[in-house]
Amino acid sequence: MTVAFSTGRGKPPGPASGRPDGKLPALRRLISNRSNFLLRYSPLLILALAWEAASRLQLASSLALPPLTDVARAWIELIQSGDLVGNGLSSLYRAGAGLALAILVGGALGVFMAVSRPANAMLGPLVELFYPMPKSALIPVTVLWLGFGDGSKILLIFLGCMLPVTIGAYNGARGSDQHLLWSARSMGARGLRVMWDVVVPSALPELLNGVRTALALAFILLVSSELVVARQGFGYLIGYLGANGSYEAMFAVVLTVAFIGFLADRVYQAVVERALRWRE
Amino acid sequence: MARVTDAMRRRFAWGAARLAPVVTLLAAWEIFARSGAVTPFMLPAPSAVTERICEDALGGDLFVNIGATLYRALMGFAIAAVGGVVLGAVMARNALARWFFDPIISVGFPMPKIAFLPVIILWLGLYDVSKITMVVLDAIFPVVTATVAGIASVEKELLWSARNMGAKDRELLWQILLPAALPQILTGLQVALPIALIVVVVTEMQMGGYGLGGAMMQASRFANSRGVFAGIVEIAIIGYALVAAMAWLRRRLLAWHQEGREG
Amino acid sequence: MDNPAQIIIENVSHHYRPAVGREVLALESVSLQVREREFLALVGPSGCGKSTLLYLIGGFLPIDTGKIMVDGKPAAGPGPDRGIVFQNFALFPWKTVRKNVLYGLERQALPRAEREARAQAFIDLVGLTGFEESYPSHLSGGMKQRAAIARTLAFDPRMLLMDEPFGALDAQTRSLMQSELLAIWEKTRKTVIFVTHDVHEAVYLAERVAVMTARPGRIKAIIDTSFDKDDPEVHRSKIFVDKVDEVWTLVRDEAVKALEKQRP
């Protein structure tokens, strides 16, 4: 067995040092400097300007690509009318509830499968069978069961997001170091105590990785199901505005959803980094 | 003459043990559906669903729909795979490209691109082009990220020894960087494939026409729950088969890699 | 030296089944007695089952044949009377040094203030003062092992089972840790069973060295190595060199036998 020998003194190599030799070391150093936020994100600004210009200069039909400034104006109107906030809260409630259920049930299931041989023999093949299933196929059946409202979306997100969490929890818990388990037992810990003190924390990094996949899936399934059938929510609003030809407003909602998805991932990563700060 | 060895017997027993829970689930579903606890509308029995799948197969609709779905999913996936590896390799080797694309990729990856579906329909219409575009848009991000990360983590010593033996820049890419990054690139493709399938089903549901997703939506509109469940089963089988094929491909391609020797 | 036997191992054999292949006999009727407050080293060629024997005493592995009595009771299941120290430290990576050391104490009915005081005392004893709030990933190998030793000493086990504790350390750290362990042992006087494949280490630390045969492991010989080790030049003294030579010859014969067995 090899054990990583860390001195704790040397700083970890920066993001640039692992890269194969580049051509422009000066430029690269500038980019790898994280404080230089503006330079790093300037390509997005360039894209936004190109969008505005293409639309203003009639390079693209302003119907197909309304100017970004018009989209911004439409966004403010949507906020003022309350449409965006109302539909947004409804969407976030569905995603949050479905995801919370998926994490609780999926995480417990994964740990259970890792510590119990019979549970693994019974549930393992089913998890393996259902994991690769494209979960969007469940949209019609959740509607069939629970109708057009919140229930069907929550069920869909729960079913669609559970297995990545289960697999993460399972792999993490199964990989708990035998010596850690023995140490805890030699210090007098037993049964559930060992589970909670050793198995669950050992599973945490992989479990949280599974949750990140689930988070991305939750947004995909939320928007998909709301686009296909809904009377409320971001997806519904996008479809409704598109059908009425208010393309500026439609673009405004699309960008809002995309941004919330991005933001959720970044916030999640920050939380995880804090929770796992005991690692290297 | 083939002999029944211990290993073969064990493999058979292993397969049977893994099949048992699946058979149990099917039996439980059948019994529950027939018990009258729920209406056949809410949960048709597996036998009824199988019947419906056989009808679709005999009528030929099933194969047309599977063909349409597979074509869109695999075409989109292939474009995303090739495009993603090329873009990733360029980003890993060229600082300017990295500067331009890095924020776009890192901001775009976590976004639910599916929200752009109405925009894509507005631009490209309701046919295959927009469905395939949607698949590419969703599936390309994991491939790019995996390629960049894979190439970035190639050990310096490997590059230096290749250089030392006289390899040129172009040879480095094809003979060292891409093969060494292959495990991670394949992982990226394995993430991208299920995404491609999820997206193709949603686009078909949204836009209608041929395809398994469209057929399911059609059945749902006519309150035909057998059709809906048949669709779920068909899509699940396609998904399972494609993911298994991808895993097989990975084992073949990575026979040299440590993980290839396991199991 | 005439303390009563604390650990009695009688005719213990142990089989294990590897992931592939046939069942392997790891230990064959091992008998051994360890006296109270004694420092005993177990040496032998790699794969001779010395760690397995330690795990059996610890109660981590089930005993198929023979019996192991610890303080007059059968060693069934692990318990806080037998503290274990592993080569890979086995610190909880998500707990700070202080919380790691507190873990064993929290399982005992002690007032909170006393637990904290005891933890601090043992952190100080192993020389980790100032690193209480560090996570294991931020410590060097030697510091990790100090933390693991402090954790095990803190819950006051009657004996220490050490499984190649310095095997993962570099040579300098290793020799430093050896003399510190000896100093700690002289302070606390616990029974120690110390598994190692380093003959110098065994002779330097232990009062008796038990040499095991190649697999299946049996006790081949027990060498008395209790002589004065306070002298800083002890490594060059005649008695030390002689003892090392004696143990080394025994171990080498077994290592050669083990190699010959592997040949077709």
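A:I79 is partly exposed, because its relative accessibility of 34% falls between the 20% and 50% limits. The residue sits in helix 3 of chain A. Keep in mind that this is a predicted model. A:I79 belongs to a nonpolar surface patch of about 450 Å², together with A:W75, A:I76, A:V85 and A:L89. Two helices of chain A, helix 3 (68-81) and helix 4 (83-115), each supply at least two residues of that patch. Helix 3 gives the most, with three residues.

Staying with chain A for a moment, there is also a network of salt bridges linking A:E52, A:R56, A:D70 and A:R73.

Now the chains as a set. Chains B and C have no contact, and their closest C-alpha atoms are 11 Å apart.

On to chain C. Here we have an open sheet of six strands, in the order 6-7-8-3-9-10, with mixed pairing. Strand 6 (82-85) and strand 10 (219-224) have a single partner strand each, so they form the edges, and one side of each lacks a neighbour in the sheet. From one strand to the next the twist averages 15°. Inside the sheet, strand 3 (residues 39-43) and strand 9 (residues 208-212) of chain C run parallel and are joined by four bridges. C:V43, for example, has C:V211 as its bridge partner in strand 9.

Helices pack on this sheet. Helix 1 (residues 50-58) of chain C touches strands 3, 6, 7, 8 and 9, and its direction makes about 150° with that of strand 7. Helix 4 (residues 141-154) of chain C lies across strands 6 and 7, at about 175° to strand 6.

Last topic: salt bridges. Over all chains the structure holds 30. I will take three from chain C.

The side chains of C:D71 and C:R158 meet at 2.9 Å, N to O. C:D71 is in the loop between strands 4 and 5, and C:R158 is in the loop between helix 4 and strand 7, so the pair ties together parts 87 residues apart in sequence. C:D71 is partly exposed at 29%, and C:R158 is partly exposed at 40%.

Next, C:R98 and C:E133 form a salt bridge, with the closest N and O atoms 2.8 Å apart. C:R98 lies in helix 2 and C:E133 in the loop between helices 3 and 4, so parts 35 residues apart are tied together.

Finally, C:R174 and C:D198 meet at 2.6 Å, N to O. C:R174 is in helix 5, while C:D198 is in the loop between strand 8 and helix 6, 24 residues apart. Buried or exposed, these two? Both C:R174 and C:D198 are buried.

Terms used: Residues are numbered from 1 along each chain as its sequence is written. Chains are lettered from A and ligands numbered from 1 in the order in which they are written. This is a predicted model: local features need pLDDT of at least 70, side-chain atom pairs count only at pLDDT 80 or more; totals for chains, interfaces and linings use all residues. Side-chain values use heavy atoms; hydrogens and water are left out. Two strands pair if DSSP finds at least two bridges between them. Axes are lines fitted to C-alpha atoms, for helices over the stretch in contact, and angles run from 0 to 180 degrees between N-to-C directions. Contact means heavy atoms within 4.5 Å. Patches are made of residues with over 30% relative accessible area and no salt bridge: like charges are joined within 9 Å, nonpolar side chains (Val, Leu, Ile, Met, Phe, Trp, Tyr) within 5 Å. Accessible areas come from the Shrake-Rupley method with a 1.4 Å probe; for residues, only the protein chains shown count as cover. A salt bridge is a side-chain nitrogen of Lys or Arg within 4 Å of a carboxyl oxygen of Asp or Glu. Buried means under 20% relative accessible area, exposed over 50%, partly exposed in between (1.4 Å probe, protein chains only).
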